[in-house]
Every structure is written in structure tokens, then in C-alpha cells.
Amino acid sequence: MAADVTKTDHYAASASAPEGVAVVTVAFHRERSHLGARLALHHGDVVALGRGGSALGAGVLDDALLSRRHATLRCVGRDVVVEDHASR
């Protein structure tokens, strides 16, 4: 579930992101196969995270405990700002 995403790329866990790119990495997940999933964000990217979304790869956000519109990631320079929608 991505909104207003521009130039967003997925990098393998072993790959390094190019200069000037912020990277979000899945560090905790019940399914071990999702650990290490990465999402590269460029300045100005906005990504919506929620149940059923594919921003971090297929199946990563398929969890009944997540709302459909759980949080938003905004990339400002190399920083990622997380807005929690407090929906659950």
C-alpha cells in the first residue's frame, strides 16, 4: 500500500544502498523469512504502511494486528520520519 512513492527501490539484505538514500530494514518479524527486508527511500518519498501493503515486499505486512493504514514513512534527506496513525 504505497502512496506518492517516487524512485523507491528494494535492496536485498546483503546489498548496500547508494549514497543519499535512506534504508528501512525489517529487524523484527514473526516470519524469519521477512527479516532483513529493505526499502530504500529517496528524499521526498512518502510510503503508507498497512496490512496487505507491499511496500516492504509481498507478505511482510500481512498481519491481522496491523490496520490497513497503520503508519506513514516520509523521507527527508537521509532521515525517515514515521507517523503512527494510532489506528489500532
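Arg 74 is partly exposed, at a relative accessible area of 35%, where partly exposed denotes values between buried (under 20%) and exposed (over 50%), computed with a 1.4 Å probe on protein chains only. Its side chain meets that of Glu 83 in a salt bridge (3.3 Å, N to O), defined as a side-chain nitrogen of Lys or Arg within 4 Å of a carboxyl oxygen of Asp or Glu. Glu 83 is likewise partly exposed, with a relative accessible area of 35%. The model is predicted, with pLDDT of at least 70 required for local features and 80 or more for side-chain atom pairs, while totals for chains, interfaces and linings use all residues. Residues are numbered from 1 along each chain as its sequence is written, and side-chain values use heavy atoms, without hydrogens and water.

The structure holds two salt bridges. Arg 30 and Asp 63 form a salt bridge through their side chains (2.2 Å, N to O). Because Arg 30 lies in the loop between β2 (22–25) and β3 and Asp 63 in the loop between β4 and β5, this pair ties together parts that are 33 residues apart in sequence. Arg 30 counts as exposed, at 60% relative accessibility.

The protein chain has six strands and zero helices, assigned as DSSP runs (strands, E, at least two residues; helices, H or I, at least four) and numbered from the N terminus. Of the 88 residues in the chain, 35% are buried.
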